[in-house]
Structure formats: C-alpha cells, structure tokens
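Here's a quick tour of one protein model, written for someone who likes to check the numbers. Have a look at the structure first, then read on.

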Amino acid sequence: MAVVLLLTGCTVEADPPDAVPVPTAPPASKLDGVPVDYSGFRLVMTTSPPSVLDPATGATTPLPGAPGGDRVNDVLRVGKFPVVLSAARCGPSCLEPSEVLVYGDPKNQPWKLGKARSVAPSADETGVWLIRDEGDDLCRLQYVSLLGAERDRGRPASCTTAVRQEVPKGLLITVNSGTASAEDVLIDPATGRAVHQFPRVLAITKERMLLAELTEFSVLDLRNDQRTPVRWPVANGKPGQVVPSRDGYKVAVLFGDPAWAGTATQTADVWVLALDTLTWTHAPAMPIATELKRVAIEWTESDDLVIAADVVANWRLDRPQWTIVKTPLPAERNQRVVAIAQG
C-alpha cells in the first residue's frame, strides 16, 4: 500500500514522574485483593477451541461454531462484541488466513465473515477492516459489517500489511508486518494516503496515539499534531500489552521483566496512563511474579481494568484494591481476552 504523505507535529516537554525504585525483595507470586464470588463479566478466552470463562463459577464453555483441532486462535473486541480469529496451520511456521467469527451472543452461532489475514475494528464499531487473500500473493483491504455486508470490493493491499484499528482520523496499519522493516502508518482507507507514520505505534484512540521511543513513550494529539514525551514509570522491565480503555481516555500498560534482578523470575507490573494529563497510576499490589505469557489485561464496559493471571481480578482506579475471583484458568491460552457482560 503506497505511502504518499507524511505529516510532522510539534513536540513539547512534559514533567515525567520519577521511576519507582526497584524492590529488594522478590514480588509476591499471587495477586493480593478482596475476594468476591461475583464478577459481573465473563471473559472470551483464546483457548483451543475458543471459550467463555465465567469467573464466578469457574465454568469454561466452548464457543459454538468455532473450529476445533490444531489451530491458532485469537480474539479482539469490536464495540461490545468479541470477534474470534481461527487459523489452520499450513506448516510448522505457516498459518492459513483466519476464519473470522462474530459473536453477538456467545451462546449462539456466530456471524461468519469469511477468511482474512488481518482484522481491525472500524471507527464506528459496526464493522471490521480486513486484509483478504486474493491468491497468487495478491490481497485487498475491505470493509465488512459485523453482519457480513460488504461495502464494496475494497482496494489492493500488500499481503504483509496488518490492519490495527480505525479512528476518525484514519486506519492504523502495519506495513511489512512481522519483519525488521515494519512501520506503523495511519492512512486514509479510501485513498491509501498516509496521514502519520512512525516506527511503532503502541495504541491509538479517537484523539491520541501512544508511540514507542527508544527509552520512553510519547503521546501524539491527533487534533493538533502536538507530541509530548512521557517517561516510563519503572526502572526495569519493558512495555508489553497496551490496552486503551473503552472511552479512549487512558491506556493500561503491562511492563514485563523476564529476568527480575538477574534471576529466572518473571514479573508483571501494570500501570495506567491518563492520556489527557499524561499522569501514571500504579495498579495495586504490583508487580507480581508470574509467567508473562499467561497474563492478559482488558477493560470492561463499566471501566474496570481486568487482569487474568493466576486469578481473575478487576480494579477501578478510584479504589485501593483489586477484587479477586479465585477461579481456575485454562492452562493453554494466549495474552488476549475480551470482557463481555455477565448476560
């Protein structure tokens, strides 16, 4: 996909917070909080086959209509709905395009949108952008509603392009995805014209982008192209998952340390950045010692931050503790979950 225009913005300095000192004692291996027996939400999990976990009961129910067998599964949220991607293997390191399944109700059969190499939510949350495989190493970018209605045939696109998220200012894509030359570009999906281009965009909301720099972040305000540096709030660890809240005013960042204090202990440390004030809030009882590949973070409709680690827990930023449901989690899962209403 051609990139024909780059815009630059002005940069201002922010007063960054001092990094939290490195603890001298090993972090706790269990998340501390207030035990509860009701969560108010369920989690769509990327198990095989994909499933729904009810934290209150511990019941894990396979999603109807999801393919079984040796497949690679993923899940993303479009509005209130989970969209499951399920890809068959075509070799040891090769995947077929994913089946795209939209669940209006996880108890019912999904709406099937066909196959795609990549999927991203539309700005109005009523559809998705897809990279479709045309064969002979040809692909196209296409918009499809959640009910399966195609707007048109779309436009030609590189098969190595990954779609990320559409916002009012454009569609965020990754060019040369999965390679050392990958770059993130905000484009006008109707023309392919580039609006912004950066080496790595960690998250995008309606009004702002969170950008990765060498040793810090920066936030780009899409309304005026003003770019402000933001220092990491930790001395050790690297940013991993970055998940915007549903209202777009903040992002949760999971900082992971794969070798805490030079040991084999892995730690996860969750912080929340307010995008308007550029201030950090540290999640309670953090960091914890846990396998990083088993930690997932997500936001609920009611603006609770959810973590799935050794337990399922949720936290509101105006409260001092997590509320914890001690339910067993599926052993085989990846780092993506989607929170849906209890039903």
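How much of the accessible surface of the protein belongs to carbon and sulfur atoms? The answer is 51%, out of an accessible surface of about 16,000 Å². Keep in mind that this is a predicted model.

## Overall build

The C-alpha atoms sit in a box of roughly 55 × 50 × 35 Å along the principal axes.

As for the radius of gyration, a compact globule with 343 residues would come out near 20 Å, and the protein has 20 Å, so the two agree.

## Burial, contacts and charge

Of the 343 residues, 49% count as buried. Take the contacts between residues at least 6 apart in sequence, and you'll find that 45% of them join residues at least 24 apart.

On the charge side, there are 34 positive and 40 negative side chains. The centres of those two sets lie 3 Å apart.

Just as a reminder, a disulfide is a covalent bond between the sulfur atoms of two cysteines. This structure holds two of them. Count the bonded cysteines along the chain and the pattern reads 1-2, 3-4.

One of the links joins C90 to C94, with an S to S distance of 1.8 Å. The torsion about the S-S bond is -80 degrees, and the link is left-handed.

## The disulfide of C139 and C159

The other link joins C139 to C159, and here the S to S distance is 2.1 Å. Which hand does this disulfide have? Its torsion about the S-S bond is about 105 degrees, so the link of C139 and C159 is right-handed.

Where do the two ends sit? C139 belongs to strand β12 (residues 138-145), while C159 is in the loop between β13 (155-157) and β14 (162-167), so the pair ties together parts that are 20 residues apart in sequence.

Technical notes:
Residues numbered from 1 in each chain as written. Predicted model: local features only at pLDDT ≥ 70, side-chain atom pairs only at ≥ 80, totals over all residues. Heavy atoms only, no water. Disulfide = S-S within 2.5 Å. Helix = DSSP H or I, 4+ residues; strand = E, 2+ residues; numbered from the N terminus. Rg over C-alpha atoms; globule rule 2.2 N^0.38 Å. Buried < 20%, exposed > 50% of the residue type's maximum accessible area, 1.4 Å probe, protein only. Contact = heavy atoms within 4.5 Å. Areas by Shrake-Rupley, 256 points an atom, 1.4 Å probe, with all protein chains shown as cover. Lys, Arg positive; Asp, Glu negative; His and termini not counted. Charge placed at Lys NZ, Arg CZ, Asp CG, Glu CD.
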